[in-house]
Each structure stands twice: as C-alpha cells, then as structure tokens.
Amino acid sequence: MGSTNSTLSKIPNVEELMQETGFTPAHIVRLYDRFEALDKEKTGHLRPQDFGAINRLAMNPIGDRIIGAFFSPGQETVDFHSFVRILAHFRPADKKHPKDPSMPEPVNSRTSKLKFAFQLYDQDKDGKISRAELLQVLRSMLEMQVTEEQLESIADRTIQEADLDKDDAISFEEFRKSLEKVNIDHKMSIRFLR
Amino acid sequence: MEDLWSIAVVLLQVWFSVMIGFIMIPAMFGLSLGVTSVYIQILVKILEVTVRKLDEKAYLQTQYLFPRPQKKIIVDLHKGEFALSDSFYFYIKGLESIVDDQVTQRFSSEELVSWNLLTRTNHNFHYISLRLTIIWGLGVIIRYCVLFPLRITLAIIGLTWLVIGTTLVGFLPNKRLKNWLSELVHLMCYRICARGLSATIQYHNKENKPQKGGICVANHTSPIDIVILANDGCYAMVGQSHGGLMGVIQRSMVRSCPHVWFERSEMRDRNAVTSRLRAHVAAKTNLPILIFPEGTCINNTSVMMFKKGSFEIGGTIYPVAIKYDPRFGDAFWNSAKYNMVNYLLRMMTSWAIVVNVWYLPPMTRREGEDAAQFANRVKSAIAHQGGLLDMAWDGSLKRAKVKEEFKEQQQKMYSSMVMGKKGRNSQEPHTETTRRQ
C-alpha cells in the first residue's frame, strides 16, 4: 500500500544515497527499518550503546571494533546516511558493469573493501598496521585461549611474511599484496545485500 | 425522536437475543453451530482470490530482503595458521547481525509472504490496485463495526460470569459438588471468552490430556494461550498476583479451586516458589498446574530455552504444543510494543484466531538426567510436534544482555582452529593456559 514510497520519502537525499551506494530502493527501506528498530529512543542517530544491544554482536570477539568502524573519529553518533555508506562496502561486487576508469571507484570494489579492512586493523590511522595493533586484534580473537608468548609469536610471524620493506609494520600495499590470492569479494560480502 | 428511540431499543433486543441464543448458550455447553467454521472457509476463499496477485511479486521481493544465514565459512579459515584474512570472518558475522539478527527476529511478528488484508501484517507491499483497497476497506468496516462490538460484549459477559460464578461456588462446603461446579463454571467462561475472540481450536491427541497432580508445560505466544488451553480442561494457574481488575479475577478464581498466585517478593525466592508448587502437585486431587517455561512471549515460529525451574518440581510433565495459524491474525504479544489492553483490542479486531493444540504423551525425568537436560528434551518434543524451530537461545535475551561465556565460546572455537595443529605457532606443549596479566 505504498509503504515503500512513503518510507523513501522520509529519507532526505535518498536518490544521492542510492547512486553513491548502489543499493536498490527495497534495500534502503529495509535498512531504514532496521535503523529505526535499533534507534530505540527515536533520536534519528545511533550511538555505540544501540549497537551494543545486538546480542550476536556482543558475542563477537571483535564486536567493539566493528561498532567503532561506524563512528568517525570524534563523533559519537551515526546517522542513517553514514550507516548505509558503511554497509555499502559489503555489497557483493557488481560483476556485470565493466570497469569504467573515468568513474570514481565504486564503494564495494575490491580495493575499497581492502581499504576498509585495513582500517579495522589500523586503529590510529597512520597508514600502517604496527605490531601492537596486530597484537590487539589477535588478543581479541583469542583472549584467554593462548598465552601472551604464543600471541607474540603469531604476530611476529605474520609481520615477517607480509612486511617487505622491513619497517616492522604492514603498510596498505603490503597488506594488499599479502591478500592477493584471497577472494576478497567472497570473504567480505554480505550476500543478500546484492 | 421517539421512533428512533424505539428502533434503537428493538435493535438492542435483537442484538442480545442473537447473542444469547446463538453464541452464549451453545458455548456454555460446548456445542458448536458450525458458524465459525463456515466463516473461516469463506475468509480463506476471499483471501485466496483477491490476494493471489500479490503473491508472486511479493515472494520475489522477500527472497532478496530476508537474509539467509551464511553457511559456516569457518572452513575457509587457514587451518593451523593465522592469516590476516581470518578476521574477515568475524567482521562479516558482526555486520550480518547489525543488519538483521536471528534472535531479535523471534521477538517481532512473523512477516507473512502473502497479505491477509490486515494492515498490521503488511510491511513492504506496494499499492497494487483499487480493487484490493476497496476490499481491504470493506474488511476494516466489518472487523471494527460488526465483529468488534460483538466480541467485546462477549468478553465482558464471560469475565463477569467468571467472577460471579466462582464467588458463588466458593460458598459451597461440599467438596465433590464444589469441584464439579467450579470446573463447569470455569469451562463455560473460558468458552465464552474464546467465542469472544472468534477462536477456532483444534485439539489433537486428547488421550494425552494432562491429569490431576501433573504439570502441564506449553510454549508461550500470548496471554490468550491460557484461554486456549482452558477451553478443554481445568488447570491450576500459576502467576504473579496483580492488583486492579486482574486481581479481582484472580481472587475470585481462588475461591472455587486452588490456584497458585505469588506475591512479587515471593517470586524472587526460587526455593519458596518450588516448594509451593511441589506441595500443590503432591496433593493428587489438585488440578494440573499450567506453566510456560520460556518465561516470555515468543512469536510462535520457534521455541526458546526452557527455564529449568519448572522441571525441578518433580511429578509428571504433560507437554503441549500450541501453534497459531498466522493467516487469520497475529497472536503474538510484543510486550515492548503494545500493552495488554492494546493487544487485546488488536486481537478482537483480527479476522479470527485459528489454533492447533497437540497434547503430547507424558514425560518424566530419567535416571541421571538433570533438570536442564530434561527441559531440553521436553522442548524438542514440543518444537517437533508444533513444527516450530528448536532454538537454544534464552527468551530473557529479549531484555537482558548476552553473557560473557558466549564470547568465550567463539574465541575458543577460533583458537582451536589456529592453535589446534602443533605447527609453528606453539613453542612448547602447554599443559595449562596462563592468564595474561
């Protein structure tokens, strides 16, 4: 009964958003409903606590990091547009459209996905994944199951293998190179967001 | 002016005689005139014919919009070694749960693939045609102006009769007569209430009906479950004692036969609760207790974790599976969204409530089985019979947060993959995991 259209009209600049992210109107509506469901106090913004209420996410070893990815540094709230833009990174790549070099890189291309993944490791945004940052991620994923020494040896080995210019940190290019054989589109996509 | 008045009086008289003659009296004696089943059949036909157009388009849409849980990608993780891409698995799982997650889904109403002309179940449908809107409009008029007043009157009569009847029976001294009459009164009132919701209930396997001195256990979808079950037998209710109207009803019910009502403060003390229930069950002549072990209302697509408290009382457990037909009305009570009155009003303006109730064979705790395992066994039986999903989640997650143990489980799983093989990662065999400082 026109509910899709009426929901779309509630969202400002929805055309731009769809262009930028490549989501269909149906998906935007779905995400909007989800956004509203998470925004329990109806403020129009989400705060970290609203994400924290999702049980599956609270259970995730790197849940905090994922939540952090939605908030730009210094910001304490995320609005619907930013919410959608971040999720757009995880759309499966559009295989049909030929690569047009004049158009800006689509937000769900392999490079964009890798950049996003890189940022999840590189929390201080200095362009490099330091040993400490890598250890942090490892610690979250393994916590009390392994000793500190084991964690350090894993971190050392990983850096040794990926670090080509021997500066004891992994830059974006080194990151990309070490993952060149990995099917990023498969691993970093949420299927139904096609 | 006088003409109008006399017409109104006549209408009112007709109204009441129809009510009493056709609905109440048959209801009290458990007879059915078959009107409801004819009504249901007509309804189904109308829905099929008018809504067929929506089906295809809607189905295609929903295929894309409903996330299907991704198959375990854990096999993709590098076995025995850490790789930078391992964290991606956790990222994706986290993001999936942000976009939609299995648990919260259970606490919101089931989304129907095809529409049943109730706007409350219409989530993502476009405006299709004028014809459909007209039919929907007619539906609204019928539901609100014809069915609703009828049902409200019935409900009020039913409840009033319950209070009066049970109080009257309470005065009788004789044990056997009292019990017999009290059962009669209870049954009549619940039947009237059921008519007040246009409920069509189908009972299966009546030979397994709960016996005196037993405990009846069922999955919980809404407060109406009580009315549904009590239509076919008498139960001792268990619950918190309320004030106000509910309190009046509760107190009068206790006069005619023993129910178990707890004060709020008593509920906290688990031992007190268990001992009271045990005492009730031990007296073999008491009616079977009715308990909903999930502890909260679930949306009738799955059965969540059963709290083991009810299974520690002892005695025989009689499991019952209740499944509502979602085509006629959404019976789920979303207590976060609607309060009780709102919910009842919605129930009374749905098309009808069609329920299937299965009585399962009685179960007792086996040797060496603890309460939690027994609870799970009963839960699986109920889920299996009712065609519901058997979920391990705790219903109280609706309100509370996940425990730390679940996070540790995830970490354990991942670490066994990375550290499992004695590869380059382990320096020396470790016999105990030392906590980091």
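How many aromatic pairs does a search of the whole structure find over all chains? The search turns up 15 of them, counting rings of Phe, Tyr and Trp (its six-membered ring) whose centres lie within 6.5 Å. One of these pairs is A:Tyr32 with A:Phe80, where the ring centres sit 5.0 Å apart and the planes stand at 90°, so the pair is edge-to-face (planes over 60 degrees apart count as edge-to-face, under 30 as stacked and the rest as tilted). The pair ties together distant parts of the chain: A:Tyr32 belongs to helix H3 of chain A and A:Phe80 to helix H7 (residues 80-88) of chain A, 48 residues apart. Helices (H or I, at least four residues) and strands (E, at least two) are DSSP runs, numbered from the N terminus.

Some ground rules before going on. This is a predicted model, where local features need pLDDT of at least 70, side-chain atom pairs count only at pLDDT 80 or more, and totals for chains, interfaces and linings use all residues. Residues are numbered from 1 along each chain as its sequence is written, chains are lettered from A and ligands numbered from 1 in the order in which they are written, and side-chain values use heavy atoms, with hydrogens and water left out.

Contact here means heavy atoms within 4.5 Å.

Now for a spot where the chains meet. The axes of helix H3 (residues 25-38) of chain A and helix H3 (residues 86-99) of chain B come within 9 Å and cross at roughly 85°, which makes H3(A) roughly perpendicular to H3(B). Axes are lines fitted to C-alpha atoms, for helices over the stretch in contact, and angles run from 0 to 180 degrees between N-to-C directions; 65 to 115 degrees counts as roughly perpendicular, under 35 as roughly parallel, over 145 as roughly antiparallel and the rest as oblique. On the H3(A) side the contact uses A:Leu31, A:Arg34 and A:Leu38, and on the H3(B) side B:Ser97, B:Ile98 and B:Val99.

Back in chain A, the unreviewed UniProt entry annotates "domain: EF-hand" over residues 109-144 and 150-185. Residues 150-185 of chain A are 61% helix and 8% strand, with the end C-alpha atoms 31 Å apart. A:Lys125 has a positive phi of about 55° although it is not a glycine, and lies in the loop between helix H8 (110-121) and strand S1 (128-130) of chain A. A:Lys166 also has a positive phi, near 55°, in the loop between helix H10 (148-162) and strand S2 (169-171) of chain A.

How values were computed. UniProt positions are given in the numbering used here, feature names are shortened, and annotations may be inferred rather than shown by experiment.
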